[in-house]
Amino acid sequence: MEIPKEVKSVTEKLKKAGFEAYIVGGCVRDFLRGVEPKDWDATTNAKPEEIRKVFPKSFYENKFLTVTVQTASKDEKLKEVEVTTYRSEGGYTDKRHPDEVMFAKTLEEDLTRRDFTINAMALTPGVKASTPGVVDLFGGQKDLAAKIIRTVGVPEERFGEDALRMMRAVRFAATLGEKWKIESKTEEAIKKNAPWLQAISKERIRDEFMKIIASERAVDGIDLLRKLGLLKHIIPELEEGYGVPQNKHHIYDCYKHSLLSMDYAAKKGFNDHVKIAALLHDIAKPKVKRGEGPDSTFYNHEVVGARMTVAILNRLKFAKKDIEKIAKLVRYHLFYYNVDEVTESSVRRLVRQVGPESMEELLQVRMADRIGSGVPKAEPYKLRHLKYVIEKVSRDPISAKMLKINGDDIMRHLNISPGPKIGQILDILLGHVINDPEKNQKELLAKEVDMLGRLDEKELKVFSQKAQEERENLEVKEDKMTKNKYWVT
Ligand code: ATP
Ligand code: MG
């Protein structure tokens, strides 16, 4: 892998203008381990105004001393390079943010305020592109090779400055890859001080949680949060299912079942809504459980669970539309779908309750639920059949409502009163429009109405019957196509 020329050009321009400049942070970590960075950051001793002078195409939001430099690249990852002035952080009094952010004079100071050794390295692209020089003051390369997350400096002090770093440690351990471990002193400090997380804003916790969720290894992250005592300060309700056995239909406890469901969703690449719904779909089970042993019950857990989901996601400051969507998936995850027993009207009701746009996600949650309970097969035939019925009942019925003209228009136009003639004319118009949707325009249809108005009763009846027959044929044909699509006979 090479350092992209757009990034190199940023540090070179700064150097030409007489400043120091390095590539820094997460992108150096990813570059050195051979993974393409999501974005590239640079650091410099130039002050924000000085950076802006070097790059006319840049903007400064006065946030954390960062200037965003725009490049000419078409690649999303390279369109912008963030350039941040060397900084250090002032005192910390509340475990959440520095009382002030200050300019620093040296690269060393800037690297020292960063969280983990692997995130605290800087890169000079150097004269030759092939020999980038790494500034590594804290053993980041060694930890990168050994796959170790270790704080820069004394762990307890660093977590005391910003408690979110404890969650970040878990995030990196889970997302970087399989063998990654948190170094033992760093880990001990997290276990000891996990309650400090309470000082952190819910928004920052949510963002970090979502980064864990985004990973294919989301479940390792969540279980590590639990082991280190952090989960109870994020979603305590989830931890309450730990060690709560279910009934004869399940081999796993509530917590493990939730994680395995989500694991399936994560490995399948389902979206965040589905992943979170899979994680929370049984969240109420510990609360509504009645009885013990193989015959215990969990009545109403989907209803109580939807309510709890709303409360949890509200607490974590999720957006209203995300909360509504996820709660709905939890609320309806128990839908019934035995091929012989399920009626079209019950599927129609489900589609109405959940919304046609959410049906696919609901099916995904259901699959995740099944796989997560240790049941090996995902019941392909039953699911295909259900999808067929869903599509069938979701399809717009072919009806005169589709027309740009209605019965009232026709009566007014022909100056006639209500009677069978109106319905016949609508039937014929509908036939035209089905054959040629372009004809569905008010003026064109009005002209047709004029013509049809001149026909006698008999002629009109023949035409309308023919239109009706054609429409029925079309419905049969469409149904056959849908059946083929889902291999349902
Ligand atoms: P990602 O690949 O998710 O972007 P990243 O390492 O780039 O990971 P960012 O949150 O983008 O993470 O932060 C960029 C860099 O800023 C980090 O690599 C680290 O050096 C520093 N940093 C970020 N957050 C903190 C923090 N809370 N405390 C100390 N340093 C931090
Ligand atoms: Mg980053």
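A: In this predicted model, the charged end of Lys47 sits over the ring of Phe103, 5.2 Å from its centre. A charge sits over a ring if NZ of Lys or CZ of Arg is within 6 Å of the ring centre and within 35 degrees of the ring normal. Likewise, the charged end of Lys285 sits over the ring of Phe298, at 4.8 Å from its centre.

Local features need pLDDT of at least 70 and side-chain atom pairs pLDDT 80 or more, while totals for chains, interfaces and linings use all residues. Residues are numbered from 1 along each chain as its sequence is written, chains are lettered from A and ligands numbered from 1 in the order in which they are written, and side-chain values use heavy atoms, without hydrogens and water.

Phe116 lies in the loop between helix H4 (107-112) and strand E8 (122-124), and Phe172 in helix H7 (residues 164-175), so the pair ties together parts that are 56 residues apart in sequence. Helices (H or I, at least four residues) and strands (E, at least two) are DSSP runs, numbered from the N terminus. Both Phe116 and Phe172 are buried, that is, under 20% relative accessible area, where exposed means over 50% and partly exposed in between (1.4 Å probe, protein chains only).
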